[in-house]
Amino acid sequence: MPGAATSTVMADGAATADQRRPLIGLSREDFAAEIAAIGEKPFRAKQMWHWIYHRGARRFDDMANIPKSLRADLAQMFRIDRPDVTALQLSEDTTRKWLVRFDDGREVECVHIPEDDRGALCVSSQVGCTLTCSFCHTGTQKLVRNLTAGEIVGQMMVARDTVGEWPNSSEDRMISNVVMMGMGEPFYNYDNVATALRIFMDPEGIAMSRRRITLSTSGVVPMIERCGRELAVNLAVSLHAVRDDLRDVLVPINRKHPIAELLEACKTYPAANNARRITFEYVMLKDVNDSDADARELVRLIKGIPAKINLIPFNAWPGVSYECSSNNRIRAFAEIVNDAGYSSPVRVPRGRDIMAACGQLKSESERARGESTRTLPN
Ligand code: SAH
Ligand code: SF4
């Protein structure tokens, strides 16, 4: 049924799922196997891959070098359509946020942060997040599930459609970088994230260098080494506190994997060196983690790790009781870290007006059901 909707209501009223198999999100090998399984030669899979990931084809009919009859057959068997975009917002500062809906109605958000000659796409790995970091909006969302590799890649496809970045060129890319910093903990969905990142890196498709991909983790220690070895992407770690008692509250996974264990894994991260440093993210929370003593302890802790510190001004969301540190406090904190020889840029909040800044993502359907409130730790 070419062009059929996602679900079809049959005459007897029963809805049946779309039987066509999604190609977007299949690894290069699985993609080739699907095409081989219908009796086509390997070069067809290569052509199709190029159409999908280099040219951004949205319909088999656009694949000009594929015979017409085969295009029609492909359209009956496979899907290359995108997830639905249920809302698209543009911030005053040109940050863009998509609310993307999948076949089961679940939604995630995806954000594009453009800069002069480049731009990062902030991609989600889960619907919501099972972790409950006390300052993060995503952590308050009750419904949680892993995204499939196709749903992760789907965010990239939708973003490139909007930004008009097909065919893929190597220069002046609006989406030059990917940060796995949207909703969810990427290491709790490692296999699908890995498949998606390999698709982003494939030289015959989106062709993004692993140096332009950053994965942020709240500290799932057992996955760190594997990620460095298998994917060799940049690592960002949500540290946010220098003492276990406080980090237990801010980033509760710390109770399982405390600071010392986390930093040990960072010390030996296979893909880090002085030229490719690990980013330690540190959210600035007024009177919680922002003292001079905290800054000095931070410097002591990361000694021996090729590191940079990314200070993130706290982004508020409805119902939260944390506050962002003052500019003076952030500056003083940054100076101590800087004087110790670590780069410590303060992340300029982007897209706050459309709730697109770090930690503000939460899908709309959830938001409508009312906010849960969080209280400050003692
Ligand atoms: N789950 C992963 C990646 C997504 S969050 C992780 O936690 O690392 C991306 C970054 O935004 C993390 O460092 C996260 O701790 C931070 N963050 C969460 N809520 C925030 C908020 N309200 N203000 C500023 N940063 C926040
Ligand atoms: Fe999940 Fe990251 Fe938010 Fe923590 S900060 S709740 S790990 S998305």
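This is a predicted model: local features need pLDDT of at least 70, side-chain atom pairs count only at pLDDT 80 or more; totals for chains, interfaces and linings use all residues.
The domain assignment of the chain gives domain 1, spanning residues 6-79, and domain 2, spanning residues 84-370. The centres of domain 1 and domain 2, taken over C-alpha atoms, are separated by 32 Å, and across the boundary 16 residues of domain 1 are in contact with 16 residues of domain 2.

In soluble globular proteins, nonpolar side chains tend to be buried together. In the present model the largest nonpolar core comprises 115 residues, and those with the most contacts inside this core are Phe135 and Phe280. At least three residues of this core are drawn from each of domain 1 (6-79) and domain 2 (84-370). When neighbours within four places in sequence are left aside, Phe280 is in contact with Val237, Leu239, Leu263, Cys266, Ile302, Ile305, Ala307, Ile309, and also with Lys308 and Asn310.

Within helix 3, which covers residues 68-77, the buried residues are Leu70, Arg71, Leu74 and Ala75. Viewed down the axis of helix 3, these buried residues fall within an arc of 140 degrees, so they line one face of the helix. The elements that cover the buried residues of helix 3 include helix 2 (42-53) and strand 4 (78-79).

Rolling a probe the size of a water molecule over the atoms shows where empty space is left. The second largest pocket found in the model has a volume of about 480 Å³. This pocket is lined by 21 residues, of which Pro22, Arg79, Phe102, Asp103 and Glu151 are the closest to its centre. Helix 4, formed by residues 149-163, contributes the largest share of the lining of the second largest pocket, namely 5 residues.

The peptide bond from Trp166 to Pro167 is cis, with omega near -10 degrees, and Pro167 is found in the loop between helix 4 and strand 11 (177-180). Positive phi values in residues other than glycine occur at His240, where phi is near 65 degrees, and at Asp287, where phi is near 60 degrees. His240 is placed in the loop between strand 13 (234-238) and helix 7 (244-250), whereas Asp287 lies in the loop between strand 14 (278-284) and helix 9 (292-301). With a relative accessibility of 5%, His240 counts as buried, because this value falls under the 20% cut-off; Asp287, by contrast, has a relative accessible area of 68% and is therefore exposed, the cut-off here being over 50%.

Note on methods: Residues are numbered from 1 along each chain as its sequence is written. Chains are lettered from A and ligands numbered from 1 in the order in which they are written. Side-chain values use heavy atoms; hydrogens and water are left out. Buried means under 20% relative accessible area, exposed over 50%, partly exposed in between (1.4 Å probe, protein chains only). Helices (H or I, at least four residues) and strands (E, at least two) are DSSP runs, numbered from the N terminus. The arc is that of the directions from the helix axis to the C-beta atoms. Contact means heavy atoms within 4.5 Å. A nonpolar core is a set of buried Ala, Val, Leu, Ile, Met, Phe, Trp, Tyr and Cys residues joined through side-chain atoms within 4.5 Å. Domain bounds come from an automatic or database domain assignment. On a 1 Å grid over the protein atoms alone, a cavity is a set of points where a 1.4 Å probe fits but cannot get out, and a pocket is an open set with protein on both sides within 12 Å along at least five of seven lines; lining residues have an atom within 4 Å of a point. Grid points are joined across faces, edges and corners, and a volume is the space filled by probe spheres set on the points.
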